[in-house]
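Q: Please take a close look at the side-chain contacts in this model, meaning the aromatic pairs and the salt bridges. Where do they sit, and how are they arranged?

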Amino acid sequence: MEKLRWARSNRSRNRCLVLRIHLPGKESHQAGGTRQFAFGTRTRANLSSAPSNDQAHKRCSLWRGHLTAQCFTPPQATSHVFLTAQAKNFIASSTTMTCIVSPFHPNTMFWRAWEIKVLDSYGTQCPISHSASHSLRRIAQHVFYSLEMGDTSHMSERTENSLCGWLGRYLTSFEFHHLYSRIFRSRFDSAASARRLCSRTHHSRNLAHQLTWYSAALKCIRRANVYDNDVLDAFWASFALMSENDGKNRHHLEAAGLPDFVDEFVRKRLYEDNVDTHGWPNESPINCLALWLLWFTSTEERLKAETTARRNEIIRLVLPFVIVPFHYPSAHAPHNHFAMPLTDNSDGHLRQSILPAYGAFPLYRSGNARTAHFYDRTNLEIGTPLASTAAKLIYFSHRQVTSIGIPIHLPLTRQHAIQLGCRDQIGPTQEDIHELNQHNVVRHLSANAWDDANDDALSASSQLDDDWYRLTDCIHPMEKSSLKNTHYTHGSATGLWQGRILVPNDNAFATILQHVQMPEEFTEQQLLNHTPLFMRLREYHCVDPQDPVPTGGANDGFDDGISNAWIPKGVEVTEDMHEGTLKFQHHDRTYTYEAYHPGSTNSHDEATCRGCQFRGTCDVVYREHDDQFLAERSQGVVENDADVDVDVDESEDEEYCVTRKCNGVLDIALVGETDFKHGQAWNHYRFYGRVREWDGLVALVRIPAHPHPTTQGLGVWVFSGYIVGGNNFVGTWRELGDVDPVVPTLESSFAMTRREDVHS
């Protein structure tokens with residue numbers, strides 16, 4: 001053990017730091033030999049209650065003695081210094097209380113409940129050695145962990161300020177940054193920031209800044225005052241923490257009380273300042289963040305533990321965001337656009353209609369963002385997340401807690417229905433209702449820590465990468481989104497999806513559309529019907545030198561054919577699953593797409609790819625600041641979701657670059673249908689559509705699969721939304737037909753989650 005000199009030279013004045021660490025009362029100390037050192041004595045002992053199942057922690061050394069400045073009279077209580085893998089070289093009193101086990105290292109005692117005092121004493125000068133300086137920094141690391149994590153309920157404000165001031169005079173700015181970065185790495189998740197931005201985010205001063213921001217947010221949440229002036233900033237930090245969560249971040253937020261805090265905020269403040277909006281809740285940044293944090297912190301167990309009345313209250317509060325899409329935007333740019341960024345019309349203005357009750361339609365969100373110092377980025381724009389998307393996830397997650405009732409008059413199974421003479425009848429059986437209840441409409445984020453030893457498992461934060469990139473890249477519809485990042489991961493929509501559609505009552509919908517004031521009786525019972533939704537989707541890619549199918553619509557920079565999922569009307573769509581091709585026949589020309597199979601290479605050839613020929617290489621380099629380079633990118637190059645090589649120099653002046661291999665993908669198309677089993681219960685449909693490259697918005701048109709008496713009146717519906725968290729498909733559907741996209745029509749919400757890909 002190092003010899004420690006705990007007196008700090010400050011002319012003739014020395015300061016002595018005394019930490020009182022509460023030891024468990026059951027500890028037994030077996031005394032050993034006594035040694036002289038520094039300004040007192042120490043007696044070696046063993047900490048016999050240390051865990052025995054881990055060889056590294058079988059025995060922790062405990063040191064007993066007085067460590068004080070020369071002229072200071074120590075307290076009568078015997079002092080101790082102990083060593084563990086988490087903490088060492090502490091000066092501690094023998095006050096007896098209960099210890100806490102570290103949540104991240106179960107075999108390590110984590111001594112957290114301590115009282116800290118700063119004592120002054122006079123004495124002769126005693127320079128601190130290098131080893132003592134290192135030891136004091138080790139003490140400071142654990143002291144500052146308590147302070148920065150906001151765990152100071154046991155400490156007076158005067159004590160905290162005194163300690164911070166003392167350590168502030170002792171540690172240099174470099175030592176502060178180094179100390180803070182070590183605390184950040186040990187207490188917070190850091191993989192997402194390096195993956196999304198660059199490894200430069202892990203420079204000590206960047207982590208130090210982030211630690212300060214996150215810690216201030218945790219302190220605000222611990223104060224448990226939803227009217228605190230710092231709530232908005234705390235919500236931004238909490239949103240960033242949950243977006244980067246791989247286990248540690250969520251633990252700290254839940255320990256601080258975020259689930260109850262944001263739940264209380266939504267119940268008390270969601271409708272705050274709604275006079276100017278005629279009673280409708282505001283889509284303010286604080287409300288958007290509150291709804292997303294409510295979704296992030298929701299779990300099945302927590303929702304089931306709530307009373308029915310409290311669940312229904314949340315449903316009632318978020319309902320306007322869910323079913324009034326002409327008041328709350330559901331995409332980062334209106335879905336009538338496919339070619340992005342937007343271009344001005346000939347009159348210099350975006351084409352919009354004016355709704356007497358709500359204003360301009362469709363809704364554009366340009367510039368709705370916060371500029372923040374985020375790791376190494378001093379002016380990073382982070383878009384305000386869509387309130388409607390979070391509200392849909394909240395609504396369906398609360399509603400799915402209650403199972404659907406099973407009418408006893410229905411046939412038991414499909415076979416039973418056939419025996420009853422209903423072979424050709426479309427309709428559910430009791431077995432079909434059971435299937436609906438067995439699978440969730442939306443899937444909650446995993447609350448478990450990511451096991452980095454499992455190479456096959458995606459981390460929790462990586463499943464939110466596309467969602468995060470949409471917020472940082474897709475803020476201004478008039479600007480290109482970043483080409484360095486993905487907004488739709490290849491294969492995200494593939495598989496069997498199950499969910500529900502909300503179908504509004506026609507009269508109620510028309511009333512809402514025409515009246516300014518939010519109705520007093522705004523309840524789902526009066527407005528909505530629920531319908532099951534099933535689809536099995538497959539993904540196809542247009543690979544250079546093939547050309548993508550043109551967009552539909554009026555080709556006027558506004559209507560890109562959303563009424564047919566951005567595909568021209570009259571196109572013949574042919575899928576050959578054996579050959580793995582999808583063909584669009586349009587105006588005597590065939591556009592061929594090839595099936596996407598995860599882990600398999602496509603038909604891309606550097607010799608025939610126009611993008612590779614233009615660059616003279618298959619390598620695609622995206623530079624951080626070279627806007628001209630990105631603007632002149634070949635049309636044949638789009639981002640890939642694999643094989644990323646990031647080159648970052650330690651120099652702050654070095655430009656961040658991403659190098660990828662060109663895969664030649666120019667466009668993504670989706671096709672699918674309802675499985676036969678689900679079609680017999682809920683009608684047979686076909687689906688086809690595309691993915692908008694700018695932000696990853698998915699558009700699908702649903703049409704009846706074949707003529708049938710029960711299909712009359714079903715109409716053609718268009719679904720548009722985002723894959724959220726890699727598992728949930730959330731958005732709105734519209735009954736479009738030939739309706740002009742500038743005119744609102746019957747529209748509402750849907751949500752689905754991906755099921756295990758087993759064919760029915």
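A: In this predicted model, Trp-733 has a relative accessibility of 0%, so this residue counts as buried. Trp-717 is at 11% relative accessibility and therefore counts as buried as well, the cut-off being under 20%. Trp-717 and Trp-733 form a stacked aromatic pair, with 3.9 Å from centre to centre and 10° between the planes. Trp-717 belongs to strand β25 (residues 717-724) and Trp-733 to strand β26 (residues 728-735), and the two are 16 residues apart, so that the pair links distant parts of the chain.

The structure holds 21 aromatic pairs. Another of them is tilted, because the ring centres of Trp-292 and Phe-296 are 5.8 Å apart and their planes stand at 45°. Both of these residues lie in helix α9 (residues 285-296), where a spacing of four residues makes about one turn of the helix. Trp-292 and Phe-296 are both buried.

Ring pairs also build a cluster, which links Phe-184, Phe-188, Trp-213, Tyr-214, Phe-374, Tyr-375 and Trp-468. A ring can face a charge too: the charged end of Arg-702 sits over the ring of Tyr-685, at 3.8 Å from its centre.

Turning to charged pairs, side chains of opposite charge can pair when their charged atoms come close. A search of the whole structure finds 31 salt bridges. One of them joins Asp-547 and Arg-589, whose closest N and O atoms are 2.5 Å apart. Asp-547 is in the loop between β15 (528-543) and β16 (572-576), while Arg-589 is in strand β18 (residues 589-595), so this bridge ties together parts that are 42 residues apart in sequence. Asp-547 is partly exposed, with a relative accessible area of 25%, and Arg-589 is partly exposed at 38%.

Arg-267 and Glu-306 meet in a salt bridge of 3.3 Å, N to O. This pair links distant parts of the chain, 39 residues apart: Arg-267 is in helix α8 (residues 258-269), and Glu-306 is in the loop between α10 (300-305) and α11 (308-323). Both Arg-267 and Glu-306 are buried. They also take part in a network, in which salt bridges that share partners join Asp-263, Arg-267, Glu-306, Arg-310 and Glu-313.

Arg-223 and Asp-230 form a further salt bridge, with the closest N and O atoms 3.5 Å apart. Arg-223 is partly exposed, at a relative accessible area of 44%, and Asp-230 is partly exposed at 41%.

Note on methods: Residues numbered from 1 in each chain as written. Predicted model: local features only at pLDDT ≥ 70, side-chain atom pairs only at ≥ 80, totals over all residues. Heavy atoms only, no water. Phe/Tyr/Trp six-rings, centres within 6.5 Å; stacked < 30°, edge-to-face > 60°. Buried < 20%, exposed > 50% of the residue type's maximum accessible area, 1.4 Å probe, protein only. Lys NZ or Arg CZ within 6 Å of the ring centre and 35° of its normal. Salt bridge = Lys/Arg side-chain N within 4 Å of Asp/Glu carboxyl O.
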